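Good morning, and thank you for joining this meeting. Please take a moment to look at the sequence and the model shown here.

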Amino acid sequence: MSGASKPSFMALALAEAERAGERGEVPVGAVVVESGTGSVLASAGNRVEELRDPTAHAEMLVLRAAAERQGAPRLTDCDLYVSLEPCAMCAAAISFARVRRLYFGASDPKGGGVEHGPRIFTQPTCHHRPEVYGGIDDARSPLINLSPIGYCHRPSCTARARPGDP
Ligand SMILES: [Zn+2]
């Protein structure tokens with residue numbers, strides 16, 4: 001993956017989602033980018049099945065890896081790119097990590113926790129709200145329109161998001 005534009009970071013997240021799908025995971029991918037340098041600190045896809053860890057969502061994995069790499073638990077100068085609207089657990093973790101900006105692809109009315117359901121960042125108990133750029137598939141990113149990957153967190157949706165599908 002070359003270049004440092006936003007589409008390329010989202011493309012990287014989508015590629016991680018595709019690889020997660022190939023591993024039999026729900027196809028969601030995420031990337032943490034240091035905003036100042038544009039360097040990728042971490043990228044991952046879901047590993048829930050592989051690690052037998054219900055919290056091993058792509059976002060959790062990249063937040064942990066990026067924090068370890070930074071040597072600090074807060075990622076104030078970092079942006080997170082996710083192929084799908086994060087769930088409530090991941091949204092809370094994003095807030096705890098003090099992520100600067102959140103970019104996500106498809107909205108997830110069923111499992112999302114940012115623009116749907118608990119809307120974590122709008123809660124009074126949420127003490128850091130990142131700038132959110134969501135639903136990037138809504139005609140703003142042809143890149144994502146081309147790919148059904150990461151459409152839904154639900155395992156039952158994996159079938160319609162198989163790698164290689166148009
Ligand atoms: Zn999640």
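Along the sequence, the protein chain follows the pattern α-β-β-α-α-β-α-β-β-α, which comes to 5 helices and 5 strands. Here helices (H or I, at least four residues) and strands (E, at least two) are DSSP runs, numbered from the N terminus. The model is a predicted one, in which local features need pLDDT of at least 70, side-chain atom pairs count only at pLDDT 80 or more, and totals for chains, interfaces and linings use all residues. Residues are numbered from 1 along each chain as its sequence is written.

I turn to strand 3. All 7 of the 7 residues of strand 3 (residues 78–84) are buried, so this strand is largely enclosed by the rest of the structure. A residue is buried if 20 or more other C-beta atoms, placed from the backbone, lie within 10 Å of its own. Across the 166 residues of the protein chain, 44% count as buried.

Which strands are joined to strand 3? Strand 1 (residues 29–34) runs antiparallel to strand 3, with 5 bridges between them, and Val 31 stands opposite Tyr 81. Strand 4 (residues 101–106) runs parallel to strand 3, again through 5 bridges, and here Tyr 81 stands opposite Tyr 103. Strands pair if DSSP finds at least two bridges between them.

Finally, the contact of two helices. Glu 59, Met 60 and Leu 63 in helix 3 meet Cys 90, Ala 93 and Ile 94 in helix 4; contact requires C-beta atoms, placed from the backbone, within 7 Å.

Terms used: A residue is buried if 20 or more other C-beta atoms lie within 10 Å of its own, exposed if 12 or fewer, and partly exposed in between; C-beta atoms are placed from the backbone.
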